[in-house]
Amino acid sequence: MTGGSWDELLLDRPRLHTRAFLKVQDGCSHFCSYCIVPYVRGRPVSRNVNDAVEEAERIVRSGCPEIVLTGVHLGLHEDLPVLVRRIGSIEGLKRLRFGSIEPFAVDGELLDAIAKTETFCRHLHLPLQSGDDSVLAAMRRGYTTGGFREITDNIRDKLGNEIHLSTDLMVGFPGEDEEAFEKSIKFIKDIGFGKVHVFNYSPREGTDAALMQCPPEKDVRKRMERALSTAETLHRDYCSRWIGKEVEILVEEKTEGIVRGLTRN
Ligand code: SF4
């Protein structure tokens, strides 16, 4: 455990046909300026590795081929590399992945564990939030764009260029002007993200950012449109890399001769 204790009632693993979500971490002590989570969910707690592995074994025995490890701030799990190695090597498991992981939690040891775990999917979701250094500082994200780029370079060095990097982009944070927004657009293109989840900032009462001045609504609306269309283009570009290639999917739906499912990326 880190700080507090693991509460079994916090387990949250809705099962889909092919994928199970296994929560192994809760709480956060990072205190991004816009986020209420550290106040409401409390200090970070890690699920005991043996318990998590046993749960994962039960999931695999039930016939589910893919496990997604989740947490409020998954990177704060105190033994994440061990968890990756042990769950990733469960007999019968076909795929392991993370729901989302803060970029600053992706260190050499974790990348090493992922690289050596064959079942780990070549996909990481790294929430960026902004591509402008002054906005990132106001958000208290704990990295600069230069630091973020270093992390993604390391990831590609270790896990290969085919890896799908997806992200979250927050539009309209206090202090974001046109120039800062354009930097974000350029940055998400430069990094070459695949899927970008775009959403507009909304203040959470009780956070520091809620006391800051937001950009005018009409500007935010226009930025949202531009960010969404950039996200669509990036996603199309990433997906088009796979046209004509044979890839393994886990089938989730079959309707009128059309088969849908997720690849490992
Ligand atoms: S955004 Fe994530 S890292 Fe930041 S305070 Fe909230 S839970 Fe923690």
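Me: Hi! How do S5 and S6 pair, and over how many bridges?
Reply: S5 and S6 run in the parallel sense, with 3 bridges between them. Strands here are DSSP runs of E with at least two residues, helices are runs of H or I with at least four, and both are numbered from the N terminus. Two strands count as paired if DSSP finds at least two bridges between them.

Me: What kind of model is this?
Reply: This is a predicted model, where local features need pLDDT of at least 70 and side-chain atom pairs count only at pLDDT 80 or more, while totals for chains, interfaces and linings use all residues. Residues are numbered from 1 along each chain as its sequence is written, and side-chain values use heavy atoms, with hydrogens and water left out.

Me: Back to S6: which residue there is the bridge partner of Leu124?
Reply: That is Leu165.

Me: And what is the strand order in that sheet?
Reply: The order is S5-S6-S7, an open sheet of 3 strands with parallel pairing. S5 and S7 stand at the edges with a single partner strand each, so one side of each has no neighbour in the sheet. From one strand to the next, the twist averages 10 degrees; for such angles, axes are lines fitted to C-alpha atoms (for helices over the stretch in contact), and values run from 0 to 180 degrees between N-to-C directions.

Me: What about the sheet of 4 strands?
Reply: That open sheet has the order S2-S1-S3-S4, and its pairing is mixed. Its edges are S2 (45–46) and S4 (95–98), each with a single partner strand, so one side of each is left without a neighbour in the sheet. S3 (residues 66–71) pairs with S4 in the parallel sense over 4 bridges, and Val68 has Arg97 as its bridge partner in S4.

Me: Which strands does helix H3 touch?
Reply: Helix H3 (residues 80–88) packs on the sheet and touches S1, S3 and S4, and its direction makes about 160 degrees with that of S4. Touching, or contact, means heavy atoms within 4.5 Å.

Me: New topic: how much space lies in the largest pocket?
Reply: About 750 Å³. Of the 31 residues that line the largest pocket, Tyr34, Cys35, Val72, Glu102 and Gln129 are the closest to its centre. On a 1 Å grid over the protein atoms alone, where a cavity is a set of points where a 1.4 Å probe fits but cannot get out, a pocket is an open set with protein on both sides within 12 Å along at least five of seven lines, and lining residues have an atom within 4 Å of a point. Points are joined across faces, edges and corners, and the volume is the space filled by probe spheres set on them.

Me: Where does Gln129 lie?
Reply: Gln129 is in the loop between strand S5 (123–125) and helix H5 (133–139). Gln129 counts as buried because its relative accessibility is 6%. Not counting residues up to four places away in sequence, Gln129 touches several residues, including Tyr34, Asp168 and Phe199.

Notes
Buried means under 20% relative accessible area, exposed over 50%, partly exposed in between (1.4 Å probe, protein chains only).
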